[in-house]
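Please open the structure in your viewer and keep the selection tool at hand.

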Amino acid sequence: MIEKFQGLVKKALKQFLNDQVNDKLKAALANSDEEETAQAKEEKAPDVPEDPKEEHNAPQIVTTEEELEGYVLVRLLLREILDPERIYYRDNLSYFNVLLDNNIRRWICRLGLNTSNKYIQFNDEGRTTVYIETVADIEKHRDKLIKVAQKFL
């Protein structure tokens, strides 16, 4: 008697599994279509700031000629211990970084040349800051620059 139902049970089980798999596939395809539609909408939407006035009021970073002169001078002063190609700069609003290996954690000095109180700050234990009158005054601090750069070697 069991043999009579064996074929029927196999057929029913197969149909049940097929229905389950089909339901899962349909659900997955529906989710995929929704994601593609959302992604297409994002791609079509223009990149417009929420407040157009805000963009114009944002302070702009401007790298000045003095800052670039300071950077070149630091590169020249350090060339005896470092390959000048390893020395980079990164400007921001409040100061101008001189970096080793383009690594923000390995800054050698910071130059503040955009104000009337010009300075050079060294990455030593006390973050020593020295006020200078002109960019050329950086040369007076050659030994300090070399000492700071050597700690990264």
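With which residue does Arg86 form a salt bridge? Select Arg86 and Asp101: these two form the salt bridge, and their closest N and O atoms are 2.8 Å apart. The term salt bridge denotes a side-chain nitrogen of Lys or Arg within 4 Å of a carboxyl oxygen of Asp or Glu.

Before continuing, note that this is a predicted model, in which local features need pLDDT of at least 70 and side-chain atom pairs count only at pLDDT 80 or more, while totals for chains, interfaces and linings use all residues. Residues are numbered from 1 along each chain as its sequence is written, and side-chain values use heavy atoms, with hydrogens and water left out.

Remain with Arg86, which lies in the loop between H3 and S1; Asp101 lies in the loop between strand S2 (96-100) and strand S3 (103-112), so the pair ties together parts that are 15 residues apart in sequence. Helices (H or I, at least four residues) and strands (E, at least two) are DSSP runs, numbered from the N terminus. Arg86 is partly exposed, with a relative accessible area of 28%, and Asp101 is partly exposed at 30%. Here buried means under 20% relative accessible area, exposed over 50%, and partly exposed in between (1.4 Å probe, protein chains only).

Next, select Asp124 and Lys144, whose side chains meet in a salt bridge of 2.6 Å, N to O. Asp124 belongs to the loop between S4 and S5 and Lys144 to helix H4 (residues 142-150), 20 residues apart. Asp124 is buried at 9% relative accessible area, whereas Lys144 is partly exposed at 26%. In the whole structure, a search finds eight salt bridges.

Now turn to the aromatic rings. The structure holds three aromatic pairs. Rings of Phe, Tyr and Trp (its six-membered ring) pair if their centres lie within 6.5 Å; planes under 30 degrees apart count as stacked, over 60 as edge-to-face and the rest as tilted. Select Tyr89 and Phe96: the centres are 5.0 Å apart and the planes meet at 20°, so this pair is stacked. Phe96 is buried, at 0% relative accessibility, whereas Tyr89 is partly exposed, at 35%.

Then select Tyr119 and Tyr131, an edge-to-face pair with 6.3 Å from centre to centre and 65° between the planes. Tyr119 is in strand S4 (residues 119-122) and Tyr131 in strand S5 (residues 129-131), 12 residues apart. Tyr119 is buried at 18% relative accessibility, and Tyr131 is exposed at 60%.
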